Amino acid sequence: MKSHIGLIGLAVMGQNLALNIARKGYKVSVYNRTAQRTEEFVKNRVTNEEIEPHYDIESFVKSLERPRKIILMVKAGKPVDDTISQLLPHLEPGDLIIDGGNSHYMDTERRFKELSEKGILFLGMGVSGGEYGALHGPSLMPGGSREAYNLVEEILLEIAAKTEDGPCCTYVGERSAGHFVKMVHNGIEYAIMQAIAEVYHIMRDVLSLSSEEMSSIFEEWNRGELSSFLVEITYKILRKKDEETGKPMVDVILDKAEQKGTGKWTSQAALDLGIPTPSINLAVVERVISHFKDIRTRLSKLYNKRRSATQGSEEFLRDLRNSLFFAMFMAFSQGMWLIAEASKEFGYGVSLSEVLRIWKGGCIIRAKLIDTLRRYISNENAYLLENEEVMNLLKGKIDSLKNILKASIENEIPVPVLSSSYNYFMSLTEERLPANLIQAQRDFFGAHTFERVDREGVFHINWEEGEIG
């Protein structure tokens, strides 16, 4: 009997996804560039699953039922192109390749076009949930043609995480839509993680709370409106002890945050499409700044921060909680607006409500807040603010955020995502921004022209001699 589907790339994510598929009753062929990893996987992790190992591309492809369906779980970039090149001589029109890695959406756009010309179907599929999600149920974001999605819809729905609203998988949209949506998912993730880190920073250095105390607070918050995967893992992290030193594990970790590039890609795409994503942008910047540990250490000795210990009153903790909620809301607002603009610009046909639905389970940014967002989201109101109930919800948090920003300034704590959330909201709700002065400056030094408030048209004047046109 031939295999229902094949999978290439047996790092932990690939292994777990193969096991997930096989445990849902499908036969899976697997292949890895290095035979040793395939052997170890079969020996150490495969038990009763119908998983058939292969050690060359040709036998791997021949083992699959037609039309062949192959998932790639290899590193983004050149390795994806190399693997596709190895597969092509053995494939036939109508066969399907699925890229399940974090590929840049423009690479997916190119691959879709190139493979379509050869008659090969292609899906770019975002996979969120990490190693645990891959094994027990991820959030899946496939994009490509409907024809390609229909070939694997049954399998994908089976292996995806499940919530009361159904499997966390949907046809996201045309061509590179799946990888674009996954990229923005990661950008939102960057912003929320940074916001949580800023709240932790205030708890640690202003309130002087212990890791155990902070853990208990985050655990309590996770029972309410902040309930989410990222808040949940935060309280678990803060409770973990280092076996060697007995100190909280978080205290022995160097404060240098790594990144794989998806946050940066989100910021770049937002700038290209002209959509404001300040929370995401600054979360990326903070990861970059964190890498300059030596510089930060030297500068900290030249500038002594003024810190005044504050009591962790119920009111202050409430303000922190409300501020984090506000920042999480703004991160989603910025991300969904970006997806909506990309869908319009690139003809993706994305349903924002469906994207949020499949983010309810399995993925890293799953949160109780998503239910609230889904009530008010639409492709016309992607930024989520043009609704009286939403505005009332945020109005109830804004004074808390102001209090936390004041405390951060007084104690010289950097809070770029919390403050950018405030400024993003205040800018969008400001009828008259000072951009008129900027446009006047541009016209003064560069004759860049301007529009007027009192009549139609485009104008330029000689600012030192009077109007000339």
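The model is predicted, with local features requiring pLDDT of at least 70 and side-chain atom pairs pLDDT 80 or more, while totals for chains, interfaces and linings use all residues. Residues are numbered from 1 along each chain as its sequence is written, and side-chain values use heavy atoms, without hydrogens and water.

The unreviewed UniProt entry carries a "binding site" annotation whose residues include S128, H185, Y190, K260 and R287; such annotations, given here in the numbering used for this model, may be inferred rather than shown by experiment. The annotated residues span 347 residues of sequence and are also spread in space, with C-alpha atoms up to 48.4 Å apart.

H185 lies in helix α8, residues 177–205 (helices are DSSP runs of H or I with at least four residues, strands runs of E with at least two, numbered from the N terminus). H185 is buried at 0% relative accessible area (buried is under 20%, exposed over 50%, partly exposed in between, with a 1.4 Å probe and protein chains only). The side chains of H185 and S128 form a polar contact of 3.0 Å (N or O atoms within 3.5 Å, one able to donate a hydrogen and the other to accept it within protein; residues adjacent in sequence count only if both atoms are side-chain atoms).

Helix α8 also holds Y190, which is buried at 4%. Among the residues that Y190 touches, leaving out those up to four places away in sequence, are K260 and R287 (contact means heavy atoms within 4.5 Å).

S63 sits in the loop between α3 and β4. S63 is buried at 8%, and its side chain makes a polar contact of 2.7 Å with that of S29.
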